[in-house]
Amino acid sequence: MKTKIYRGETDVEQTANTGHPRRWAILAVLVVSLLVVVLDNTVLNVALRTLADPDRGLGATQSELEWAINSYTLVFAGLLFSFGVLGDRFGRKRFLLVGLALFGLASLLSAYAQNPGQLIGARALMGIGGAAIMPVTLSIISNVFDPRERGKAIGVWSGAVGLAIAIGPILGGTLLEHFWWGSVFLINVPIVVAGLIAVAILVPESRNPRPGRIDIPGVLMSVVGLIGLTYGIIKGGEDGFGSAEVLLTGGGGLVVLAAFVWYESRVAFPSLDVRLFKIPRFSAPIAAIGLTFFASMGVFFFSSFYLQLVRDYSPLQTGLLFLPFAIAQLIFAPRSHGMVQKFGAKAVTATGLALVVLSLVGFIFVDASTAVWFLLVVFFVQGVGMANIMAPSTESIMSALPREKAGVGSAVSNTIRQVASALGIAILGSILAAVYRGQIEPTTAALPPGARDVANESISGAYGVAAQAGPAGGRLVSAANDAFMTAMHWAAGSAAIVLLLGMAAAVIWMPGRQAGADHVQPVEQAEAGELATAS
């Protein structure tokens, strides 16, 4: 192989491509596998009303509906890091096959659940399968693509993440228009079967050739800490962050994670080399991704209530309004690598963050009669911004590691994304609830205590009370809409402020155009130099 690397203003010439001959076909298989997993994070949201119906669904209570969503997120986030590490050791293809099989089986069980408890359990099992799939897809990409093509491949992978987030509600709404509620899970099964066949034929096995010993204490601490923290976040969003249970589980999770970091910095064969966080092009993009998903998933959470309750759109109509977000991901995510080569990762990521902040500011000006075109523009701008954050940030993370440790970078970035999403929904949801209660209480003061508590809890509760209040119900609905809009503006503003921190991290620590050009050198050489500096 002949390799020439020039720095500064000169060009780069590399005459051999070290990528796998079937790398693009492999990428297609990995994208389909990823789509199924990420879709399931959002597809259930539009089915909640149906699942609560005792005739058309399972008659699930509000708490049971929340845990049908959260059981998946809780297990998924808690196991991502560990499964990425174990996939590096025992084989990524093997983990992908096992994860797909488990995900398909759990989808089948979810589709035919007979009660809410069975659905919650099956969803948790889906989370285990999803956690085995997601980190190894990115690890395999890092191993089958030459460093010069890896950025483009990661752009396609990142676009699939954003696309799945957006098309989940569309797919769920379409299925509910024509089939029973279980169809939103059953559709996963044929896709998984096709994926298993394609992975078995196309995807090569890969693992870390020098894995060392298994860090069992580190793996256990990461699982316990992440599950405790995530559970505390979710429970805090339901009951408030001052309850003893939240403080015990969330605070305990933080303590365990702190002990994990301390332990990993001292053990000979760590699951996670914490020295990596001293490398700016590893830690800064992780912060950018985490803060982006904190803000964006919180927005998706309250915008779904806005569209289906305040605007009275159907689940399918609500899903279609997210279509501009998906289109933006399809157009801009695959092109973000070229933008990085031209302008540098710092400029592209900071611009993407600025666009997402702009979309959040747009929500501050949304009211109960805002034109649909304005909502479409806001979602499109948000999609463009995220497309230009995910790909360059993910490429920066993966280029900071040697190929054999790709699972570590993948697992860390995916775990941060899931935990940040849960935290965004919980904290922004708490802001939404607190402001809503403060705004609605003057109107509900004259209601009976039971009805007053229900109306003060949420806008959906107020709608339920209004349906039984006769002529006075219209005034309550109007007051609930006004209170919710004020609360949504506060939540959107808070999300925008948080994301400004991500912009600061990108501007200060992300690599610029010169550093981006240097990424064409062998990853192992870059890693060795930066780790020496970090040490």
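Q: Is Asp312 buried or exposed?
A: Exposed. Asp312 has a relative accessibility of 61%, and the cut-off for exposed is over 50%. Bear in mind that this is a predicted model.

Q: Where is Asp312 found?
A: In the loop between α11 and α12.

Q: What about the phi of Asp312?
A: Its phi is positive, about 60°, although Asp312 is not a glycine. Helix α11 comes before Asp312 in the chain.

Q: What span should helix α11 have, and what does the model show?
A: Helix α11 covers residues 280-310, which makes 31 residues. At 1.5 Å a residue, they should span 45 Å. The C-alpha atoms at its ends are 44 Å apart, so the two values agree.

Q: How many residues of α11 are buried?
A: 25 of the 31. The helix is therefore largely enclosed by the rest of the structure.

Q: Switching to cores. How many residues are in the largest nonpolar core?
A: 124 residues. Those with the most contacts inside this core include Ile141, Phe302, Tyr306 and Phe363. Tyr436, Phe484 and Met488 belong to that group too.

Q: Which helix gives the largest share of this core?
A: Helix α11, with 16 residues.

Q: And what lies apart from it?
A: Another core, made of eight residues. Among them are Ala77, Leu226, Leu229 and Val419.

Q: Why might nonpolar side chains be found together like that?
A: In soluble globular proteins, nonpolar side chains tend to be buried together.

Q: Back to Phe302. What does it touch?
A: Leaving out residues up to four places away in sequence, Phe302 touches Phe363, Leu432, Phe484, Met488, Ala491 and Ala492.

Q: Phe363 comes up there. Which residues does Val378 touch?
A: Phe363 is one of them, along with Ser359 and Gly362. Residues up to four places away in sequence are not counted.

Q: How far is Val378 from Gly362?
A: They are 16 residues apart in sequence. In space, their C-alpha atoms are 6.4 Å apart.

Q: Where is Val378, and is it buried or exposed?
A: Val378 sits in helix α16, residues 372-399. It is buried, with a relative accessible area of 6%, and the cut-off for buried is under 20%.

Q: Now Asn481. Buried or exposed?
A: Asn481 counts as buried, because its relative accessibility is 13% and buried means under 20%.

Q: Which helix is it in, and what does it touch?
A: Asn481 is in helix α20, which runs over residues 473-509. It touches Val310, Ile459 and Tyr463, with residues up to four places away in sequence left out.

Q: On to the surface. Which residues form the nonpolar patch?
A: Leu320, Leu323, Ile327, Leu330, Ile331 and Phe380. Together they have about 470 Å² of accessible area.

Q: Which helix gives the most to the patch?
A: Helix α13, residues 323-332, gives four residues.

Q: And Leu320?
A: Leu320 lies in helix α12, residues 315-321. It is partly exposed, with a relative accessible area of 42%.

Q: Zooming out, how many helices and strands are in the chain?
A: There are 22 helices and two strands.

Q: How much of the chain counts as buried?
A: 55% of the 535 residues. The accessible surface comes to about 21000 Å², and 67% of that belongs to carbon and sulfur atoms.

Q: Last one. What share of contacts join residues at least 24 apart?
A: 82%, among contacts between residues at least 6 apart in sequence.

Terms used. Residues are numbered from 1 along each chain as its sequence is written. This is a predicted model: local features need pLDDT of at least 70, side-chain atom pairs count only at pLDDT 80 or more; totals for chains, interfaces and linings use all residues. Side-chain values use heavy atoms; hydrogens and water are left out. Patches are made of residues with over 30% relative accessible area and no salt bridge: like charges are joined within 9 Å, nonpolar side chains (Val, Leu, Ile, Met, Phe, Trp, Tyr) within 5 Å. Accessible areas come from the Shrake-Rupley method with a 1.4 Å probe; for residues, only the protein chains shown count as cover. A salt bridge is a side-chain nitrogen of Lys or Arg within 4 Å of a carboxyl oxygen of Asp or Glu. Buried means under 20% relative accessible area, exposed over 50%, partly exposed in between (1.4 Å probe, protein chains only). The expected span of a helix is 1.5 Å times one less than its number of residues. Contact means heavy atoms within 4.5 Å. A nonpolar core is a set of buried Ala, Val, Leu, Ile, Met, Phe, Trp, Tyr and Cys residues joined through side-chain atoms within 4.5 Å.
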